[in-house]
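Welcome! Take a moment to turn the structure around and look it over, and then we can walk through a few of its parts together.

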Amino acid sequence: MFSRLDSLLGRITMYRLVLVLLLILAFYAFGLSALDLLAFTPTELGATLAAALIASWGGTRIMALMLRTRPHTESSLITGLLLFFVMFPSDTPTGVGGIALAGLIAAASKYLMAFRGRHIFNPAAFGAVAVTLLGLSAAAWWAANPAMLPLVLIFTLLLLYRTRKLSMGAVFVIVAVGILVVRLMAGGTSPTEALQLVFGSYPVLFLLGFMLTEPLTLPPRRWQQLLIAGIVAVVLALQISIGPVFLGPEFALLIGNAVAFAMGQRRRIRLRYTGSRRLTPTSTEVQFTPERPVRFRPGQYMELTLPHARPDRRGLRRIFSISSTPDDGTVRFGLRLSDPPSTFKNALLQLKPGAPVDATTVAGDFVLPDDPSVPLLLFAGGIGVTPFLSQLGASHPSSERDIVLVYVVSSANELAYAEELADARVHLFCPDDPGKLPATWTRGGGSFPTAEELRSLVPDLPKRRVYLSGSPATLARAKPLIREAGGRSVQTDAFLGY
């Protein structure tokens with residue numbers, strides 16, 4: 001089931017997924033309103049939706065025109081829809097004007113409240129805070145109500161699963177709900193009623209699923225993301241007031257965004273394209289020279305931004321695992337090519353040497369333990385070997401770490417990086433004859449290892465920390481197999497949507 005879900009979600013970008021889910025939620029809200037299950041009329045919802053979408057979309061277009069850059073249409077629509085669910089619905093000229101102003105400010109914040117091309121604050125929350133402080137409108141977070149709770153819950157879980165942020169979501173919910181329930185119980189509310197009130201009236205789930213998980217405003221490491229989740233949850237749950245200003249959910253999120261910005265890489269990453277080489281019939285490696293040294297840990301990924309004409313649904317930004325080592329002097333990425341390739345990858349492969357490409361972030365927790373004495377098993381499916389290239393290259397001499405690599409490929413033609421891995425301990429699984437292998441390599445008996453083969457090849461597997469990288473299908477097949485063979489600590493790096 002999870003393999004099918006990963007494959008399905010991997011075909012759509014996060015922007016498109018969030019946009020679709022918000023549109024479904026909006027249609028659902030209009031249906032509830034028509035049935036008198038919401039406190040707002042369809043007319044009020046319609047006016048609010050129109051004002052938020054038009055202002056956010058139009059403001060984005062105007063700012064992009066002024067700054068001579070390409071507007072991100074899906075992002076502007078998402079911001080407008082978020083404001084639709086955050087702002088107090090109204091069909092009066094004053095109310096609609098305040099909502100429209102929030103949309104314009106939200107759009108402008110993506111360009112003006114930004115550093116090195118990366119916005120600092122969640123735009124919708126920034127717009128809501130701005131008009132609240134100006135006294136022109138107010139946030140209501142009306143998406144938090146019992147009638148909408150089932151759909152909001154399902155969509156939040158889906159987004160947390162897609163972004164691999166379930167642990168962050170758990171921290172946020174436990175802290176926020178815990179504090180709110182304790183406070184309500186202190187006022188005489190029963191535990192059951194307190195829980196019902198929190199999930200039915202407070203925007204814990206909507207804020208978490210649709211706003212806190214925004215990748216551009218999160219710090220790069222998991223422990224940092226857990227900390228940010230805790231900070232936002234505490235500010236949200238304590239319901240603090242500073243003078244006449246009540247620090248509602250939108251303020252809590254902006255505070256978290258500010259702390260996250262301080263944790264992230266704030267220096268602009270500018271790369272120069274130097275060329276590419278074909279790895280296999282379906283994979284290619286691209287190489288860049290950074291204008292300044294790039295700080296990253298082997299196993300992390302980099303998000304590239306590449307404006308190009310008529311981008312497809314995957315958009316202008318893509319994430320790739322880094323295959324080079326930090327001291328290499330170059331930045332390389334191994335990428336799988338679909339047929340036909342996405343417009344992003346097609347534009348990437350058509351770059352001229354010396355062409356500039358910007359990276360928005362370096363992040364990821366798929367890194368080896370700091371203690372070099374920890375024995376490791378690396379399990380790669382196809383181009384999933386990419387992050388292991390960086391890790392193994394940075395681990396030389398190999399005697400510093402006890403590392404075994406299990407490498408699964410669909411055919412001998414799909415065997416990539418054999419020369420770079422010549423000195424590593426590799427157990428190769430390939431359905432056809434790969435030819436002569438390096439002395440440190442062995443070949444398994446089939447196209448994919450069984451639990452029994454893993455136990456035989458790696459008898460001390462229970463003592464090893466396992467790192468698993470590849471397509472969603474590879475992960476879904478390999479993880480239970482590793483568990484059956486005795487593997488206990490398994491960390492995954494899914495190539496979703498690559």
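## Two helices side by side

In this predicted model, helix α2 (residues 14-34) packs against helix α3 (residues 42-67) at an angle of about 155 degrees, and their axes lie 9 Å apart. Angles over 145 degrees count as roughly antiparallel, and α2 and α3 are therefore roughly antiparallel to each other.

Which residues make the contact? On the α2 side they are A29, F30, S33 and A34, which meet P42, L45, G46 and L49 in α3. Six of the residues in this contact are nonpolar, two are polar and none is charged.

## A closer look at α2

Helix α2 has 21 residues and reaches 30 Å from its first C-alpha to its last, close to the 30 Å expected at 1.5 Å a residue. Its buried residues are L17, V18, L19, L21, L22, L25, A26, A29, L32 and S33.

After α2 comes D36, whose phi is positive, near 60 degrees.

Now move along to strand β6 (residues 283-290). Six of its eight residues are buried, so β6 is largely enclosed by the rest of the structure.

What does β6 pair with? One partner is strand β5 (residues 269-280), joined to β6 in the antiparallel sense over eight bridges. These two strands form a hairpin with two residues between them, and R277 stands opposite E285 in β6.

Strand β9 (residues 331-336) also runs antiparallel to β6, and six bridges join them. Here, S283 has R336 in β9 as its bridge partner.

Terms used:
Residues are numbered from 1 along each chain as its sequence is written. This is a predicted model: local features need pLDDT of at least 70, side-chain atom pairs count only at pLDDT 80 or more; totals for chains, interfaces and linings use all residues. Side-chain values use heavy atoms; hydrogens and water are left out. Axes are lines fitted to C-alpha atoms, for helices over the stretch in contact, and angles run from 0 to 180 degrees between N-to-C directions. Helices (H or I, at least four residues) and strands (E, at least two) are DSSP runs, numbered from the N terminus. Angles under 35 degrees count as roughly parallel, over 145 as roughly antiparallel, 65 to 115 as roughly perpendicular and the rest as oblique. Contact means heavy atoms within 4.5 Å. Ala, Val, Leu, Ile, Met, Phe, Trp, Tyr, Cys and Pro count as nonpolar, Asp, Glu, Lys and Arg as charged, and the others, Gly among them, as polar. The expected span of a helix is 1.5 Å times one less than its number of residues. Buried means under 20% relative accessible area, exposed over 50%, partly exposed in between (1.4 Å probe, protein chains only). Two strands pair if DSSP finds at least two bridges between them.
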